[in-house]
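Hi,

Here is the structure I promised to pass on. Have a look at it first, and then read my notes below.

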Amino acid sequence: MRIDKVYRKVYNIITGTGKRQTESEVSRMTCKVWATLDRQTQLQLFAAYIAKIKAAVKSPVIGNGDIFTVQNALDMIKQTGCDGVMVARGAEGNPFIFREIKATLANIHYDAPSYAMRIAAAIDHAERLTKSRGDRAIV
C-alpha cells in the first residue's frame, strides 16, 4: 500500500470518518505513518497524535519521546491522556529517573540519590558492561 493511502486511512480512522478497523490494523498503519515523519514534524505532532490514538483505541497507550525529567513525563501524560510513559535517552546518565517518576505519580516523597549512590551505580554499570562485553566495553 502506498504511504499516501496509509496516511489517509490513518487520518480517517483517527478522525472517525473512515471505516472501522481493528486496533492492530490501526497500530500497524500508524507505525508506518510515524516512521515516515521527520523528527521536527514528529515533535510538533507528537502529543496531539498520541491523544487521538488514545481516544481511538481501548488498548493501553504508552507515550514516548523526549522524556528527560519527571516534568516531561507529567506533561506527556497530561497532554495526551496516555496510560504511561517510556523513557529511553532520558535514562542515560540518570538511571534513577524511573524511581523519581514512579514516586511522583504515586504522590510519594522522593529523595534524590546521594553522590555516593550515583558513584556506586556508575561503578556497578561499568562492572556489568565489562562482564557482558569485555574490557573494551568501557573507557
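To get you going: where is the place of I123? I123 sits in helix 6 (residues 115-133); helices (H or I, at least four residues) and strands (E, at least two) are DSSP runs, numbered from the N terminus. At 45% relative accessibility, I123 counts as partly exposed, since buried means under 20% relative accessible area, exposed over 50%, and partly exposed in between (1.4 Å probe, protein chains only).

Before the rest, some ground rules. This is a predicted model, where local features need pLDDT of at least 70 and side-chain atom pairs count only at pLDDT 80 or more, while totals for chains, interfaces and linings use all residues. Residues are numbered from 1 along each chain as its sequence is written, and side-chain values use heavy atoms, with hydrogens and water left out.

**The overall picture**

The protein has six helices and two strands, and along the sequence they run α-α-α-β-α-β-α-α. Of its 139 residues, 27% count as buried.

**The core**

The largest nonpolar core has 15 residues, and I50, I67, M76, V87 and I101 touch the most other members. (A nonpolar core is a set of buried Ala, Val, Leu, Ile, Met, Phe, Trp, Tyr and Cys residues joined through side-chain atoms within 4.5 Å.) Helix 3 (39-56), helix 4 and helix 5 each supply at least two residues of this core, and helix 3 gives the most, with four. As for I67, leaving aside neighbours within four places in sequence, its contacts (heavy atoms within 4.5 Å) are N72, A73, M76, M86, V87, G90, I97 and I101.

**Helix 5**

Which residues of helix 5 (residues 97-105) are buried? They are I97, I101 and A103. These cover an arc of only 165° around the axis, so they lie on the same side of helix 5; the arc is that of the directions from the helix axis to the C-beta atoms. On the other side of helix 5, R99 and K102 are exposed. The cover over the buried residues of helix 5 includes helix 4 (70-80). After helix 5 comes N107, with a positive phi, near 60°.
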